[in-house]
Amino acid sequence: MKLSIPQALARLLAAGVAALALSAGALAQDFPSKPIKFVVPFPPGSATDTSARYFGKKITDLTGQPVVVDNKPGANSIIAIRAVQAAPADGYTVFIGSNSPLAVNAALFKQLPYDPVADFTPLSLLTRVAGVLIVPADSPYKTVAELVAAAKAQPGKLNFGFGSAGYQLMGELFNEIAGTQTAGIPFKSATDSVTAVASGTVSFSFVEISSALELVRSGKIRALAIASPTRSPALPQVPTAHEAGLTNMSAYAWVAAVVPAKTPKAETEKLADLFTR
(Lines give C-alpha, C1' and ligand atoms only; values in the text may rest on other atoms or scores of the structure.)
Protein backbone atom coordinates (compact mmCIF):
# COMPACT_ATOMS: atom_id res chain seq x y z
CA MET A 1 0.00 0.00 0.00
CA LYS A 2 1.36 3.35 -1.01
CA LEU A 3 1.48 5.96 1.79
CA SER A 4 0.82 9.62 1.29
CA ILE A 5 3.55 12.05 2.28
CA PRO A 6 1.68 13.14 5.47
CA GLN A 7 1.17 9.49 6.46
CA ALA A 8 4.85 8.69 5.88
CA LEU A 9 5.92 11.68 7.92
CA ALA A 10 3.56 10.69 10.75
CA ARG A 11 5.03 7.19 10.85
CA LEU A 12 8.58 8.52 10.80
CA LEU A 13 7.79 10.87 13.65
CA ALA A 14 6.14 8.09 15.67
CA ALA A 15 9.16 5.84 15.14
CA GLY A 16 11.48 8.66 16.18
CA VAL A 17 9.53 9.32 19.37
CA ALA A 18 9.55 5.61 20.20
CA ALA A 19 13.31 5.44 19.62
CA LEU A 20 13.88 8.45 21.85
CA ALA A 21 11.75 6.92 24.59
CA LEU A 22 13.68 3.66 24.42
CA SER A 23 16.96 5.57 24.45
CA ALA A 24 15.89 7.62 27.49
CA GLY A 25 14.80 4.46 29.27
CA ALA A 26 18.14 2.82 28.59
CA LEU A 27 20.01 5.87 29.84
CA ALA A 28 17.96 5.96 33.04
CA GLN A 29 18.59 2.23 33.53
CA ASP A 30 22.34 2.82 33.26
CA PHE A 31 22.25 5.80 35.64
CA PRO A 32 24.61 6.55 37.26
CA SER A 33 27.36 5.70 34.79
CA LYS A 34 29.91 8.25 36.05
CA PRO A 35 30.84 10.03 39.32
CA ILE A 36 28.17 12.03 41.13
CA LYS A 37 28.95 15.37 42.76
CA PHE A 38 27.44 16.41 46.10
CA VAL A 39 27.64 20.20 46.51
CA VAL A 40 27.70 21.20 50.21
CA PRO A 41 27.28 24.85 51.32
CA PHE A 42 29.33 24.39 54.51
CA PRO A 43 32.96 23.49 55.24
CA PRO A 44 34.33 19.99 55.93
CA GLY A 45 33.46 18.77 59.42
CA SER A 46 30.04 20.43 59.53
CA ALA A 47 26.95 18.31 60.17
CA THR A 48 25.82 18.82 56.57
CA ASP A 49 29.23 17.74 55.28
CA THR A 50 29.21 14.66 57.54
CA SER A 51 25.77 13.68 56.21
CA ALA A 52 26.95 14.17 52.62
CA ARG A 53 29.96 11.92 53.14
CA TYR A 54 27.91 9.22 54.88
CA PHE A 55 25.31 9.07 52.11
CA GLY A 56 27.99 9.47 49.43
CA LYS A 57 29.67 6.27 50.64
CA LYS A 58 26.29 4.53 50.75
CA ILE A 59 25.54 5.44 47.13
CA THR A 60 29.04 4.42 46.03
CA ASP A 61 28.53 1.04 47.70
CA LEU A 62 25.18 0.63 45.92
CA THR A 63 26.26 1.76 42.45
CA GLY A 64 30.03 1.36 42.26
CA GLN A 65 30.29 5.00 41.15
CA PRO A 66 32.37 7.51 43.14
CA VAL A 67 30.62 10.38 44.91
CA VAL A 68 32.66 13.58 45.16
CA VAL A 69 31.81 16.01 47.97
CA ASP A 70 32.41 19.59 46.85
CA ASN A 71 32.38 22.04 49.79
CA LYS A 72 31.46 25.59 48.76
CA PRO A 73 30.80 27.59 51.96
CA GLY A 74 29.94 31.27 52.17
CA ALA A 75 27.37 33.93 51.25
CA ASN A 76 24.54 32.23 53.18
CA SER A 77 24.92 29.11 50.97
CA ILE A 78 24.41 31.11 47.76
CA ILE A 79 27.88 30.24 46.41
CA ALA A 80 27.00 26.54 46.54
CA ILE A 81 23.52 27.10 45.13
CA ARG A 82 24.90 29.03 42.15
CA ALA A 83 27.31 26.17 41.45
CA VAL A 84 24.39 23.74 41.37
CA GLN A 85 22.38 26.08 39.14
CA ALA A 86 25.29 26.33 36.70
CA ALA A 87 25.73 22.55 36.41
CA PRO A 88 23.78 20.41 33.92
CA ALA A 89 20.47 19.19 35.35
CA ASP A 90 21.26 15.56 34.57
CA GLY A 91 21.23 13.97 38.02
CA TYR A 92 24.99 14.06 38.45
CA THR A 93 24.95 17.18 40.63
CA VAL A 94 23.10 16.96 43.95
CA PHE A 95 22.72 19.75 46.49
CA ILE A 96 23.09 18.57 50.09
CA GLY A 97 21.68 21.46 52.11
CA SER A 98 20.36 22.21 55.55
CA ASN A 99 17.19 23.96 56.65
CA SER A 100 19.06 27.27 56.31
CA PRO A 101 19.32 27.47 52.49
CA LEU A 102 16.32 25.24 51.83
CA ALA A 103 13.82 26.97 54.14
CA VAL A 104 15.09 29.70 56.48
CA ASN A 105 16.78 31.96 53.91
CA ALA A 106 13.43 32.52 52.21
CA ALA A 107 12.08 33.96 55.46
CA LEU A 108 15.12 36.11 56.26
CA PHE A 109 15.96 37.71 52.91
CA LYS A 110 13.73 39.91 50.80
CA GLN A 111 15.43 38.73 47.63
CA LEU A 112 17.26 35.51 46.83
CA PRO A 113 18.81 34.40 43.53
CA TYR A 114 16.89 31.14 43.86
CA ASP A 115 13.54 29.74 44.95
CA PRO A 116 14.03 26.80 47.33
CA VAL A 117 10.65 25.33 46.33
CA ALA A 118 10.36 26.05 42.59
CA ASP A 119 14.03 25.56 41.65
CA PHE A 120 14.61 22.18 43.30
CA THR A 121 13.07 18.73 43.52
CA PRO A 122 13.51 17.00 46.89
CA LEU A 123 15.09 13.54 47.00
CA SER A 124 15.11 12.73 50.70
CA LEU A 125 15.42 14.09 54.22
CA LEU A 126 18.79 12.85 55.48
CA THR A 127 19.02 13.94 59.14
CA ARG A 128 17.03 15.86 61.74
CA VAL A 129 18.78 16.81 65.00
CA ALA A 130 17.75 19.02 67.92
CA GLY A 131 19.62 22.19 68.75
CA VAL A 132 21.61 22.53 71.97
CA LEU A 133 22.34 25.72 73.91
CA ILE A 134 26.05 25.89 74.80
CA VAL A 135 28.25 28.29 76.80
CA PRO A 136 32.01 28.41 77.51
CA ALA A 137 33.33 25.95 80.07
CA ASP A 138 34.29 28.81 82.41
CA SER A 139 31.05 30.73 81.86
CA PRO A 140 29.49 32.12 85.03
CA TYR A 141 26.14 30.84 83.71
CA LYS A 142 25.59 27.27 84.82
CA THR A 143 21.87 27.17 84.07
CA VAL A 144 19.50 28.72 81.54
CA ALA A 145 17.92 30.73 84.36
CA GLU A 146 21.28 32.34 85.17
CA LEU A 147 21.91 33.14 81.50
CA VAL A 148 18.47 34.69 81.12
CA ALA A 149 18.84 36.73 84.31
CA ALA A 150 22.19 38.12 83.12
CA ALA A 151 20.80 38.94 79.68
CA LYS A 152 17.83 40.77 81.21
CA ALA A 153 20.11 42.72 83.53
CA GLN A 154 22.32 43.83 80.61
CA PRO A 155 20.11 44.24 77.51
CA GLY A 156 22.18 44.00 74.32
CA LYS A 157 25.43 43.20 76.15
CA LEU A 158 25.46 39.40 75.79
CA ASN A 159 25.93 37.88 72.34
CA PHE A 160 25.37 34.57 70.63
CA GLY A 161 27.23 32.98 67.75
CA PHE A 162 25.50 31.39 64.77
CA GLY A 163 26.91 29.45 61.84
CA SER A 164 23.91 29.68 59.53
CA ALA A 165 20.50 31.29 59.22
CA GLY A 166 18.84 28.35 60.97
CA TYR A 167 20.96 28.79 64.08
CA GLN A 168 20.36 32.53 63.96
CA LEU A 169 16.64 31.84 64.21
CA MET A 170 17.26 29.54 67.19
CA GLY A 171 19.02 32.42 68.97
CA GLU A 172 16.22 34.82 68.17
CA LEU A 173 13.63 32.27 69.29
CA PHE A 174 15.51 32.09 72.60
CA ASN A 175 15.30 35.89 72.87
CA GLU A 176 11.58 35.86 72.15
CA ILE A 177 10.72 33.11 74.63
CA ALA A 178 13.07 34.34 77.37
CA GLY A 179 12.21 38.02 76.88
CA THR A 180 15.87 38.96 76.40
CA GLN A 181 17.90 41.11 74.01
CA THR A 182 21.15 39.50 72.88
CA ALA A 183 23.13 40.24 69.73
CA GLY A 184 23.80 37.64 67.03
CA ILE A 185 27.36 37.26 65.71
CA PRO A 186 27.66 35.42 62.35
CA PHE A 187 30.29 32.73 61.68
CA LYS A 188 31.02 30.70 58.55
CA SER A 189 29.79 27.44 60.05
CA ALA A 190 28.40 25.80 63.18
CA THR A 191 31.90 24.44 63.84
CA ASP A 192 33.26 28.00 63.91
CA SER A 193 30.55 29.14 66.31
CA VAL A 194 31.33 26.20 68.62
CA THR A 195 35.01 27.22 68.54
CA ALA A 196 33.98 30.79 69.40
CA VAL A 197 32.05 29.52 72.42
CA ALA A 198 34.98 27.37 73.56
CA SER A 199 37.32 30.37 73.35
CA GLY A 200 34.88 32.71 75.10
CA THR A 201 34.49 34.95 72.06
CA VAL A 202 30.68 34.77 72.38
CA SER A 203 28.43 34.30 75.41
CA PHE A 204 26.48 31.36 74.01
CA SER A 205 25.40 29.61 70.85
CA PHE A 206 22.87 27.19 69.45
CA VAL A 207 24.15 24.30 67.32
CA GLU A 208 22.91 20.83 66.53
CA ILE A 209 24.05 18.26 69.08
CA SER A 210 26.65 16.40 67.01
CA SER A 211 28.65 19.60 66.39
CA ALA A 212 29.12 20.14 70.13
CA LEU A 213 29.03 16.61 71.52
CA GLU A 214 32.75 15.87 71.88
CA LEU A 215 33.58 19.28 73.40
CA VAL A 216 30.71 18.95 75.87
CA ARG A 217 31.86 15.48 76.89
CA SER A 218 35.46 16.66 77.26
CA GLY A 219 34.41 19.61 79.42
CA LYS A 220 35.62 22.29 76.99
CA ILE A 221 32.12 23.76 76.66
CA ARG A 222 28.97 23.43 78.76
CA ALA A 223 25.52 22.44 77.48
CA LEU A 224 22.63 24.16 79.27
CA ALA A 225 19.58 22.80 77.40
CA ILE A 226 18.38 20.65 74.50
CA ALA A 227 15.77 22.33 72.30
CA SER A 228 13.50 19.29 72.01
CA PRO A 229 10.56 17.86 73.97
CA THR A 230 12.68 14.98 75.34
CA ARG A 231 16.25 14.67 76.56
CA SER A 232 18.90 13.42 74.17
CA PRO A 233 20.34 9.93 74.73
CA ALA A 234 23.70 11.41 73.70
CA LEU A 235 23.56 13.98 76.56
CA PRO A 236 21.06 12.54 79.05
CA GLN A 237 22.23 14.82 81.86
CA VAL A 238 21.29 17.99 79.91
CA PRO A 239 17.71 19.20 80.55
CA THR A 240 15.26 20.01 77.80
CA ALA A 241 14.63 23.68 77.11
CA HIS A 242 11.18 23.28 78.67
CA GLU A 243 12.68 21.78 81.84
CA ALA A 244 15.16 24.66 81.94
CA GLY A 245 12.41 27.29 81.81
CA LEU A 246 12.13 27.97 78.06
CA THR A 247 8.54 26.82 77.71
CA ASN A 248 7.68 25.06 74.44
CA MET A 249 11.04 25.78 72.82
CA SER A 250 11.75 23.17 70.16
CA ALA A 251 14.28 23.80 67.40
CA TYR A 252 15.85 21.36 64.97
CA ALA A 253 18.49 21.44 62.26
CA TRP A 254 17.89 19.16 59.29
CA VAL A 255 19.75 18.14 56.16
CA ALA A 256 18.15 17.13 52.86
CA ALA A 257 19.21 16.14 49.35
CA VAL A 258 17.71 17.95 46.36
CA VAL A 259 18.37 18.26 42.62
CA PRO A 260 17.54 21.06 40.16
CA ALA A 261 13.87 20.99 39.20
CA LYS A 262 14.73 20.38 35.53
CA THR A 263 16.46 17.07 36.30
CA PRO A 264 14.73 14.29 34.32
CA LYS A 265 12.13 12.32 36.25
CA ALA A 266 13.84 8.95 35.74
CA GLU A 267 17.16 10.14 37.17
CA THR A 268 15.40 11.93 40.02
CA GLU A 269 13.50 8.79 40.98
CA LYS A 270 16.65 6.65 40.78
CA LEU A 271 18.53 9.05 43.08
CA ALA A 272 15.63 9.17 45.54
CA ASP A 273 15.63 5.37 45.63
CA LEU A 274 19.39 5.28 46.28
CA PHE A 275 19.10 7.75 49.16
CA THR A 276 16.26 5.88 50.83
CA ARG A 277 17.42 2.28 50.47
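Before I go on, a word on what you're looking at. This is a predicted model, where local features need pLDDT of at least 70 and side-chain atom pairs count only at pLDDT 80 or more, while totals for chains, interfaces and linings use all residues. Residues are numbered from 1 along each chain as its sequence is written, and side-chain values use heavy atoms, with hydrogens and water left out.

So where does asparagine 175 sit? You'll find asparagine 175 in helix H6. Helices here are DSSP runs of H or I with at least four residues, strands are E runs with at least two, and both are numbered from the N terminus. Leaving aside neighbours within four places in sequence, asparagine 175 is in contact with Phe160, Thr180, Gln181 and Thr182 (contact means heavy atoms within 4.5 Å).

Let's stay in H6 and look at tyrosine 167, which lies in that helix as well. Buried or exposed? Tyrosine 167 counts as buried, because its relative accessibility is 9%. Not counting residues up to four places away in sequence, tyrosine 167 touches Phe160, Phe162, Ala190, Phe206, Val207, Glu208 and Ala253. Also, take tyrosine 167 and glycine 184: they are 17 residues apart along the chain, and their C-alpha atoms are separated by 9.7 Å.

Now the strands. Strand E5, residues 159-162, pairs with strand E6, residues 183-186, in the parallel sense over four bridges; two strands pair if DSSP finds at least two bridges between them. Within that pairing, phenylalanine 162 stands opposite proline 186 in E6.

Helix H4, residues 99-108, packs with helix H6, residues 165-178, at an angle of about 55°, and their axes are 8 Å apart. The axes are lines fitted to C-alpha atoms, for helices over the stretch in contact, and the angles run from 0 to 180 degrees between N-to-C directions. So H4 is oblique to H6. For the cut-offs, under 35 degrees is roughly parallel, over 145 is roughly antiparallel, 65 to 115 is roughly perpendicular, and the rest is oblique. On the H4 side we have Asn99, Ser100, Val104, Asn105 and Leu108, and they meet Ala165, Gly166, Gln168 and Leu169 in H6. Sorted by class, that contact has four nonpolar, five polar and no charged residues. Nonpolar covers Ala, Val, Leu, Ile, Met, Phe, Trp, Tyr, Cys and Pro, charged covers Asp, Glu, Lys and Arg, and polar is the others, Gly among them.

Here's another helix pair. Helix H2, residues 47-63, and helix H9, residues 265-276, pack at about 110°, with axes 9 Å apart. That makes H2 roughly perpendicular to H9. Phe55, Lys58, Ile59, Leu62 and Thr63 in H2 meet Leu274, Phe275 and Thr276 in H9. By class, the H2 and H9 contact has five nonpolar, two polar and one charged residues.

Next, some backbone geometry. Most residues other than glycine have a negative phi, and most peptide bonds are trans. With that in mind, the peptide bond from phenylalanine 31 to proline 32 is cis, with omega near -5°, and proline 32 lies in the loop between helix H1 (5-30) and strand E1 (36-40). Asparagine 76 has a positive phi, near 55°, and lies in the loop between strand E2 (67-71) and helix H3 (78-86). Asparagine 248 also has a positive phi, near 65°. Asparagine 248 is in the loop between strand E8 (221-226) and strand E9 (252-260), and is exposed, with a relative accessible area of 67%.

Finally, zoom out. How many helices and strands does the chain have? The secondary structure comes to nine helices and nine strands. Of the chain's 277 residues, 46% count as buried. And among contacts between residues at least 6 apart in sequence, 73% join residues at least 24 apart.

Terms used. Buried means under 20% relative accessible area, exposed over 50%, partly exposed in between (1.4 Å probe, protein chains only).
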